[in-house]
2 protein chains.
Amino acid sequence: MKTTAIRSPENTRGRILHAAFEEFYKNGFQGGSLNRIVEEARTTKGALFHHFDGKKDLGYAVVREVIDPQFKQQWSDPLANSTDPITDLKRIFRQRAKREIGNGGLVNGCPLNNLAQEMSPLDEKFRKSLDKIYGAWRETVAAAFARGIKAGKVRKDVSPGKVAAFIVAAQAGMAGTAKNSQNGKLMMQAGEALFDYLDTLRS
Amino acid sequence: MKTTAIRSPENTRGRILHAAFEEFYKNGFQGGSLNRIVEEARTTKGALFHHFDGKKDLGYAVVREVIDPQFKQQWSDPLANSTDPITDLKRIFRQRAKREIGNGGLVNGCPLNNLAQEMSPLDEKFRKSLDKIYGAWRETVAAAFARGIKAGKVRKDVSPGKVAAFIVAAQAGMAGTAKNSQNGKLMMQAGEALFDYLDTLRS
DNA sequence: GTTGACACATACCGACTGGTCTGTATTCTA
DNA sequence: TAGAATACAGACCAGTCGGTATGTGTCAAC
C-alpha cells in the first residue's frame, strides 16, 4: 500500500472541504461528484467518509464552515457598526461588484444563493441553515438602519425590517441576474437604481 | 407486445413535455430523472427519445414551449399596453403573490429562475434561451415605463432601462427569498418596500 | 515494546443514470 | 393494397453514482 507521507487530519479535512465547496459551487450539490472532490483534494473516498458522514453531511459542513464565515466577512462585518447604512451599503456593494467583475466570479454567481435555490426545496436541513445566513444578513442590515435612524442619517418613517428584506432580496436577485446574463453592465445598471432607492431613504 | 390503443403523437409529446417540466421544476435539471419522467407521462424511453434528442434537448423544449409562454402570459402580457406601469406592476405583483401563496407555489420558487440559476453556468444554450426570456421581460417593463413617462404618469427623469433592470432583478430575488425562507410574510414585506420604491418614480 | 485508536487507501457494491437497439403495431402515401 | 415512414414499447448497455468493507500504515499512551 502506498504510504501516507505525512499525517495531518486537519489538512486533509480542509482540503476535502475546500474541494467540495468548489465542486458544489461549479456543479451544484446534486451535480457535484464525490469522486471528483476526492480527486481534486488528492485523497480518497476512505478519507472523505472518515471525516464526513456522507454527501449531505459534507454539504452541511461546506455551508457551516466555508460559506457562512465567508459571507459574514464580506457582507455582514463591514456593516456591523455602521450608523450610516446608506453610504456604507453603497460602498460595500460597489467594491464587491468591482471585485466580482474583475475576477470571473460573475460567472458562477453567489455560492450562498446557488445552494439556496437548488437545495431549499429538496432538503429541510439545507434550507434552514441557509435561511439562517440570510436571516442574519437581514438582521445586520435592519440593525444598521435602526442605528441610522437614531443617528439622524435615515428618515424616521422607514421600517428597518421592511427595507432590509427588500435590499437583501434585491441583492440576491441582482447577483442572479448577473450570473444569467453574464453582463456586468446590467448589474451595474440595476445597482444604480438600487442606489437611487437607498437615497430616497435619507433624512 | 402491448398494443397502443390510440396513436396521438402530439398528445404523447405533450405529456412528456409536461412531465419533464414538473420533474425539472421539482428536482432541477441535473437531479431530474428521465425514468421518472416517462413513468409520470405513462410512456417509455422509446417514446421520449423518439420525440427528443436527449435530456438536454428535452430541457430546451421545456424552456421554449412551456416556461417561455407561461412566463409571457403571466408577467409580460398584462403590461403590454400599460401607460401607468407603476399601478399595473403593483396590481400584477399583488395578484401573482396572492396566488403563489395560496397554492403551494411558493415552495418551489419560480421555474424560470430555478433553471436559470442551475443551468446558466453549465450550458451556454440554456443560458442564452433563459436570458432571452429575462431580456424580453426587461424590455416589456422598460417600454411600459417609457409610455408612462409620455403619458405623464412617471417622472421624466427616470431611466426606463435602469428601472427595468432593477425591478426584474428585485422580483427574481424576492421569489428566491420566498422559496428559501418559506415565509410569505417576508416576501410581502419586501414587496411593500418595492411598492414604496415604485411610488418614488411617480410624477 | 505493545497495544489500540486514528487516518487513511483500495477494492468493491448495488442502484440508478442517460442513452441505444431491436422489434412491432399503426398510419400515411402511392 | 403494398410499402415506406412514423410512433412507440421494452430490453439492454456501459458508465457513474453514493456508500461500504476491509486492510494497513501512523502515532500516542502506557
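Read along its sequence, chain A follows the pattern α-α-α-α-α-α-α-α-α. In this predicted model, chain A has 9 helices and 0 strands.

**Chain A as a whole**

Picture a box drawn along the principal axes of chain A: its C-alpha atoms fill roughly 70 × 35 × 35 Å. Chain A has 203 residues, and 43% of them count as buried. How do contacts link parts of the sequence? Among the contacts in chain A with a separation of 6 or more, 66% are between residues 24 or more positions apart.

**Two helices side by side**

Now look at helix 4 (residues 55–76) and helix 7 (residues 124–150) of chain A. Their axes are 11 Å apart, and they pack at an angle of about 10 degrees. Angles under 35 degrees count as roughly parallel, so helix 4 of chain A is roughly parallel to helix 7 of chain A.

Which residues meet here? From helix 4 of chain A come A:G59, A:Y60, A:V63, A:R64, A:D68, A:F71, A:W75 and A:S76. Helix 7 of chain A answers with residues including A:K125, A:F126, A:L130, A:I133 and A:W137. The residues of this contact between helix 4 and helix 7 of chain A divide into 9 nonpolar, 4 polar and 3 charged.

**Where the chains touch**

Chain A also has a partner: 42 residues of chain B are in contact with 42 residues of chain A. On chain B, five helices each supply at least two residues of the side that touches chain A, namely helices 1, 6, 7, 8 and 9. Which of them gives the most? That is helix 8 of chain B, with 17 residues.

Here are the two contacts, sorted by residue class:

**How the copies are related**

What superposes chain B on chain A? A rotation of 180 degrees does, with 0.0 Å of shift along its axis and an RMSD of 0.1 Å. The two copies are therefore related as by a two-fold rotation axis. To find that axis from chain B, look for B:G173: its C-alpha is the nearest in chain B, 1.7 Å from the axis. The same surface serves both copies, as 100% of the contact residues of chain B recur in chain A.

Methods: Residues are numbered from 1 along each chain as its sequence is written. Chains are lettered from A and ligands numbered from 1 in the order in which they are written. This is a predicted model: local features need pLDDT of at least 70, side-chain atom pairs count only at pLDDT 80 or more; totals for chains, interfaces and linings use all residues. Axes are lines fitted to C-alpha atoms, for helices over the stretch in contact, and angles run from 0 to 180 degrees between N-to-C directions. Helices (H or I, at least four residues) and strands (E, at least two) are DSSP runs, numbered from the N terminus. Angles under 35 degrees count as roughly parallel, over 145 as roughly antiparallel, 65 to 115 as roughly perpendicular and the rest as oblique. Two residues are in contact if their C-beta atoms, placed from the backbone, lie within 7 Å. Ala, Val, Leu, Ile, Met, Phe, Trp, Tyr, Cys and Pro count as nonpolar, Asp, Glu, Lys and Arg as charged, and the others, Gly among them, as polar. Copies are superposed by least squares on the C-alpha atoms of residues with pLDDT of at least 70 in both. A residue is buried if 20 or more other C-beta atoms lie within 10 Å of its own, exposed if 12 or fewer, and partly exposed in between; C-beta atoms are placed from the backbone.
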